[in-house]
2 protein chains.
Amino acid sequence: MAKESNGVICLCPLDGVIDIISKKWALLIINEIGNHKRIRYNNLMKELQGITPKTLADILKELVKYGLVKREPFNEIPPRVDYTLTDDGEQLREAIIPILQWAISRKGTVVAHCSCSLIEKGKALVRLRS
Amino acid sequence: MAKESNGVICLCPLDGVIDIISKKWALLIINEIGNHKRIRYNNLMKELQGITPKTLADILKELVKYGLVKREPFNEIPPRVDYTLTDDGEQLREAIIPILQWAISRKGTVVAHCSCSLIEKGKALVRLRS
DNA sequence: CGGCATCCTGTGGGATACTG
DNA sequence: CAGTATCCCACAGGATGCCG
């Protein structure tokens, strides 16, 4: 993407977006922060079962760089950092709702007793709009 | 994803979806096929500038497996294969439109003389709905 | 608590060449 | 024309351990 050909620089609208949404955890993190409005690092760790601290930190940093997530550190002991979505991040979150709905309709009905909290998030997302 | 924890299998609605949309070219290919309704392999190669035959073949195979794309081979000389979207694939394509729109609004106005045909595709997608 | 530093592996995907 | 076959590598991301 964003390659140059015929001497013209490509500003393809998908450029960059792929870089964001193609990261395995990025959408999940954005969704998660959006669900909580305001959430701390370790709380994210708990919700996003299976993610490693490194990966979470890496992607958070990237999302902040992209202007999708806002990082608010507090000078407290113990240290505390809050993460929230920027307006842009919130808009992206809403933009992925149709994909969530598509995924759910495709999978059939969501089972009740699933330990995976992502299901609840999916529902939460969909509920936003319906 | 689709991991087992507490003895319960997770049927997270995002499971599998990430595997699809996280592939760099998958959405582009789905979009491209959708734009053309029916398109042949080499035509896809031309439209998706920069993709290698291996990558295109790999992802097409996967999309077929996922039931998003339909492959129609003809017994002709020279050989001919048409690709079309399944209903499911078409629905996914529509589900990503909001993300496209978000991307475009974020990037600002699309420039006119861009050699990258992806822009046209983005426009085409958006035009579908507006 | 909220990270960062290191190490390591799997694999998406690029380049190139060949084929039924 | 519509792919395979190989080779190769950059990079996401897991595991583990340390730090202010």
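Helix H2 of chain B, residues 26–36, is largely enclosed by the rest of the structure, because nine of its eleven residues are buried. Keep in mind as you look around that this is a predicted model. Which residues of H2(B) are buried? They are Ala26(B), Leu27(B), Leu28(B), Ile29(B), Ile30(B), Asn31(B), Glu32(B), Ile33(B) and Gly34(B).

Now let us turn to DNA strand D. By type, the residues of the surface near DNA strand D are ten nonpolar, eight charged and three polar.

Where do these residues come from? At least two residues each are supplied by helix H4 (53–65) of chain A and, in chain B, by helix H3 (41–47), helix H4 (53–65) and strand S5 (80–85). H4(B) gives the largest share, with four residues.

What part of the DNA does the protein meet? Of the atoms of DNA strand D within 4 Å of the protein, 78% are in sugar or phosphate, while the rest belong to bases. Here are some contacts with phosphate oxygens of this strand:

| Residue | Atom on the protein side | Distance to a phosphate oxygen of DNA strand D |
|---|---|---|
| Lys24(A) | polar backbone atom | 3.0 Å |
| Thr55(A) | polar side-chain atom | 3.2 Å |
| Lys61(B) | polar side-chain atom | 3.3 Å |

Technical notes:
Residues numbered from 1 in each chain as written. Chains lettered and ligands numbered in written order. Predicted model: local features only at pLDDT ≥ 70, side-chain atom pairs only at ≥ 80, totals over all residues. Heavy atoms only, no water. Buried < 20%, exposed > 50% of the residue type's maximum accessible area, 1.4 Å probe, protein only. Near = heavy atom within 4 Å. Polar contact = N/O pair within 3.5 Å; in protein donor to acceptor, adjacent residues only side chain to side chain. Nonpolar A, V, L, I, M, F, W, Y, C, P; charged D, E, K, R; others polar.
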